[in-house]
Structures are given as C-alpha cells and as structure tokens.
Amino acid sequence: MEGAKSASDSVDVLLVGGGIVSATLGAMIQRVHPEWSLTVFERLDEVALESSNGWNNAGTGHAALCELNYTPEAADGSVNISKAIAINGQFLTTKTFWGSLVTEGAMREPSTFINNTAHMAFVRGDANQKFLRERFRLMSEHPFFHDMEHSEDYGQIEQWSPLLIEGRPAGEKIAATYAPSGTDVDFGAVTRQLFEDFVARGGALELKHEVTDIERNADGSWNVTVKNLRDGATRVVRTKVLMLGAGGYTLKLLRKAGVPEVKGYGLFPVSGTFLSTENPAVTAKHQTKVYGKAAEGAPPMSMPHLDARIIDGQRTALFGPFAGLVPKFLKEGSVLDLFQSLRTDNVLPIATAGLENLGLTKVLAQDLLANQAKRIEALHDFAPTAVSDDWRLFTAGQRAQIIKPSSGTKGTLQFGTEVITSANGTIAGVLGASPGASTAVPIALDILRSSFKDEWERWENELRSVIPMLGTDVASDPHRALELEAEADTKLGLPKRG
Ligand SMILES: Cc1cc2nc3c(=O)[nH]c(=O)nc-3n(C[C@H](O)[C@H](O)[C@H](O)COP(=O)(O)OP(=O)(O)OC[C@H]3O[C@@H](n4cnc5c(N)ncnc54)[C@H](O)[C@@H]3O)c2cc1C
C-alpha cells in the first residue's frame, strides 16, 4: 500500500511510523481538519510490520476481563480491581471509534479484524483458588463485569475449554472465571484498514522512508530529515506538528529533537516468542483466551496465556510468551540499539532499574535456557495432552519497556505506555508497550488533547460524533458506558451481552 500523493516539502502534521498509533492519530486528525496536509513516513516495506502486526502481538482486546496482572492481590489477601475498571473503559472507547468507522465505511466487515472470543482466567492450587474467588466476588458486582462466571468444577471448566481439562489428573485444585464478552483482535488488519482510508482521504503514506534527524526551527516548527531507503536520497520536510508513533524508536527520535522531557529515560528490550498450532483437532477444542498467573516476582508481561486466535481468517492457538534477551528496540531494529541508547543521563537509571528488577532478569534467564521440552512442560499446565509435534516456536514483536528516572539517579522500570508531549505541544511521542494496541484510541486522544490545547474544546465536540465514549467518566457513569458499548458491539457484529 502506498499513497498516491508524495509528501510536499511543508506539511501541517507529520507522523512517523506505520503502526496502529499513527494510523489512529491520522484517522482522528483527518476528521477534524480534513483540509490539513498529513504525511506518514514508515521505514519498512509495508505498514503494520512491527508490534501492530497480527503475528507480533497476542491479539487480546485488553478489557481487563481475565488478565490477572490488572487485579493485584495485597499481602492481606485483598484484591484491587480499580485498574481493571479503567482499562475496561479504555477498550470501550476504542471499540466505539471502530464501530463508527465501520458504519462510515472507513473500516471493512468487522470480522476481518475483531471477533468475539471468550476470555478466561485459570489457576491451580488452594491460594490461587482463594484469590480468584475474591476477584470474582468484587468484579461481578461491577456493571462492566456483570456477566462474568466462576467455577472450580472440572465439568463446567471443560465446557468452557475442553483443552484445559482433557488428560488432567482428577482431584487437582483448579478454578476459572469465564467472561463471554471477550474479543480477539487482529491489530494488523485494523492498522492496514485505517491506512487505506487515510490514503483515500488524501493523506500521504511514504513507505521505505526513515526519519533520521529532527531539528526545531525558530518559529517552533520542525525540520525532519528523511531518507529514502530505496535509493539513499535524503530530503528535509518542514512540519508544524510532529507525532512519533515509532514504537521502540520513539525515544531515539525524541532525543534527536532535543525534547528535554525525556532526559534520564532509557529502554529495556524484551523479545517474545510463542508456541503456535493450526492443527484443527487442537484449535477446535480451544476457542477462548485463557490467562494464568505470572510466577511470584515475575513481571506482568510474563503472564502465561493460551490464546485462540483468528489471523487472516485462519484459526490458531498460541501459548506463551517466553521472554528473550535481544538488544533491539524493534524486531527489524539493530543489535546495537541498546548500546547506542546509553547516555550520561540514563546509564544510572538503567543500571538501578536492572538491579531492582531481578524478577525480570530471572524470567529472562529461565526462558532463554528453556528448550522445546521445557516449553511444552509449561504448556501442560494449561493443556495436559499437548504434544510437541503440533507446536512450532515463532518470534513475536519486540517490547521496549520504559525506564523512567525517579528520585536522584535512580530509574524505575515501567510496564505501561507513556505519552510524552513537549511544553508547546508541537512534538509528541508514545513510549512503552502495555496495554498497547487496545488503547490506541485513548492514547491518540491524550496526544491530541495535549498537542492542540487551544482547539481541544472544538476537537472534542467534533470527535464525539465518531467516539461516543469521549467525555464519559466510566468510573462515575458505568451504565452510560455500557449503553455506548452495546451500540458499538452491534456495529462491530459482536453479540449482545447477557
Ligand atoms: C509480544 C507482544 C504481545 C502484545 N500483545 C498485545 C495484546 O495482546 N493486545 C494489545 O492490545 N497489545 C499488545 N501488544 C502491544 C501492541 O502490539 C503495541 O502496543 C502496539 O502495536 C504499538 O503500536 P505502535 O503504532 O506504537 O508501534 P509499532 O506497531 O511498533 O509501529 C512503529 C512503526 O514505526 C516505524 N518506525 C520506527 N522508527 C522509524 C523511523 N525513524 N522512520 C520511519 N518509521 C519508523 C517502525 O518500522 C514501525 O512500523 C503486544 C506487544 C508485543 C511485543
């Protein structure tokens, strides 16, 4: 896919990166200012080839239904569900935007990118049974999670997912929750469809073009140097506003632009591999997304899950992730990325964050040493009858976790996403990974809100016609949020919630 129109030397908004974040930003800006000139530069051959690709992420529509890392348990056994409520609201916002775009004809038939796939949490042992019971008690009282079910019974859990029970020794202490309204999302398809519409509306998309330098002009605009990777030619494009959806390379570009807000920031790369099978005998028995509990002290991204997926119309089951240590910030990045990111202002924060996150180091070491037999052993916790021959290992996307400077010279490893905007709002970028693509719409709204402060009131009113959730306070008005969700689900071909 490539834009018919090539970038002019001066544009209103320049977006870097052909992932879901730039695609979402472009879609929103075009609806508020259709007359503005917009250009996207992407260094690879196509859009959605990095983290946003269907095979590079787990395809979870993160509504915090069953991902146990969003409901932490305190030492006294109490469970906090406030983060789950917030994340659920963020995904609702995303769904309402996609629903409007389908109605507009800007996105295609919804099953090409989103499908109803129940989510489950699955745990073993007395202590975990107790945790899941308490989590279910609290969540099922909240309107967002009212249709969640809970069971400790083999027969019931087998009805939800036969693969979890087949071959399991009788009498094991197990428990599960079942959320029928979960989704599986092909974020690559979302990204490609958004970019097709972007180009159709006159946006310029230049593939195989890498942004190599950024300089601020005296009037606050930006001169962006871009290299055509086909012939090596470089040119400079001037832009009033610059938005960086460059995934693991966003921090590098913010530093090139001299944005003081990223002083002390560093990145920690974690690669992810998964086992996958397309054997119909296995995929037929597993049509849910099942989340387990991360090992004690392990980071949230190591939470194991056994996922039913639909990518390019093909049913697949996927298990992982197994973390790896590859010092790149993008899958198609360079092994020198980590080394080249070191600066005098971030060396100590990176070192202290590393020392304080020995749990992550331990998981990385264990996963690096794991062979196929060890990986299948881990899979047996979820699917006792799994056989090695059915499952192949593949490498998913590269995560670049944020290390944020904290007190003094210390640094803290963050597992979320962070939007960085310069004080005058003319440059913004997105750092981090989770909950990622599911929250592309709230992330894009955050960027626009801080970049276009003076115009935001008008923008918000106009955007509300395509993002009905915009402005709804999910914490104080969950029932209104559910009404809007029901409208969006109808547009997205998702079943009505019970
Ligand atoms: C293993 C894994 C599992 C995940 N699972 C989920 C999940 O289940 N659900 C979920 O919601 N999220 C998930 N995520 C997170 C989600 O995939 C990401 O948050 C999201 O895709 C990021 O989108 P993006 O547009 O910011 O970046 P990307 O999709 O990575 O796109 C960035 C683009 O910028 C381009 N680029 C970089 N530098 C330049 C430059 N200088 N010039 C031009 N182009 C440049 C890159 O080539 C790339 O195409 C997962 C991520 C990983 C790695």
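1. Let me begin with a tryptophan. Tryptophan 459 is found in helix 14, which covers residues 456-464. Is tryptophan 459 buried or exposed? Its relative accessible area is 0%, so tryptophan 459 is buried. Please keep in mind throughout that this is a predicted model.

2. What surrounds that side of the helix? Setting aside residues up to four places away in sequence, tryptophan 459 touches Ile29, Val32, His33, Trp36, Leu448 and Phe452. For a sense of distance across the fold, the C-alpha atoms of tryptophan 459 and alanine 84 are separated by 28 Å, and these two residues are 375 residues apart along the chain.

3. Now the chain as a whole. Its secondary structure comes to 15 helices and 19 strands. A compact globule of 498 residues would have a radius of gyration near 23 Å, and the chain has 22 Å, so the two agree. The C-alpha trace spans about 70 × 50 × 45 Å along its principal axes.

4. On burial and surface: of the 498 residues of the chain, 57% count as buried. The chain exposes about 19900 Å², and carbon and sulfur atoms supply 53% of that area. Among contacts between residues at least 6 apart in sequence, 72% join residues at least 24 apart.

5. Serine 52 deserves a look. Its place is in the loop between strand 2 (38-41) and helix 2. Serine 52 has 10% relative accessibility, which is under the 20% limit, so it counts as buried. Beyond its neighbours within four places in sequence, serine 52 is in contact with Gly19, Ile20, Asn57, Phe187, Gly188 and Thr191. Which C-alpha separation goes with the 384 residues between serine 52 and glycine 436 along the chain? The answer is 9.0 Å.

6. Methionine 148 is another loop residue to check, found between helix 3 (126-140) and strand 5 (149-151). With a relative accessible area of 6%, methionine 148 is buried. Leaving out residues up to four places away in sequence, methionine 148 touches Leu65, Arg135, Phe136, Met139, Thr177 and Tyr178.

7. A cis peptide bond joins glycine 320 and proline 321, with omega about -5°. Proline 321 lies in strand 15, residues 314-324.

8. Two residues other than glycine have a positive phi to look at here. Lysine 208 has phi near 55°, and its place is in the loop between strand 8 (204-206) and strand 9 (209-216). At 25% relative accessibility, lysine 208 counts as partly exposed.

9. Aspartate 312 is the other residue in this pair of notes, with phi near 50°. Aspartate 312 has its place in the loop between strand 14 (305-311) and strand 15. Is aspartate 312 buried or exposed? Its relative accessibility is 61%, and exposed means over 50%, so aspartate 312 counts as exposed. Apart from its neighbours within four places in sequence, aspartate 312 is in contact with Asp186 and Arg192.

10. How many cavities of 30 Å³ or more does a search of the whole structure find? There are four. The largest cavity has a volume of about 70 Å³.

11. By residue class, the lining of the largest cavity divides into five nonpolar, five polar and three charged residues.

Note on methods:
Residues are numbered from 1 along each chain as its sequence is written. This is a predicted model: local features need pLDDT of at least 70, side-chain atom pairs count only at pLDDT 80 or more; totals for chains, interfaces and linings use all residues. Side-chain values use heavy atoms; hydrogens and water are left out. On a 1 Å grid over the protein atoms alone, a cavity is a set of points where a 1.4 Å probe fits but cannot get out, and a pocket is an open set with protein on both sides within 12 Å along at least five of seven lines; lining residues have an atom within 4 Å of a point. Grid points are joined across faces, edges and corners, and a volume is the space filled by probe spheres set on the points. Ala, Val, Leu, Ile, Met, Phe, Trp, Tyr, Cys and Pro count as nonpolar, Asp, Glu, Lys and Arg as charged, and the others, Gly among them, as polar. Helices (H or I, at least four residues) and strands (E, at least two) are DSSP runs, numbered from the N terminus. The radius of gyration is taken over C-alpha atoms; the globule rule is 2.2 Å times the number of residues to the power 0.38. Buried means under 20% relative accessible area, exposed over 50%, partly exposed in between (1.4 Å probe, protein chains only). Contact means heavy atoms within 4.5 Å. Accessible areas come from the Shrake-Rupley method with a 1.4 Å probe; for residues, only the protein chains shown count as cover.
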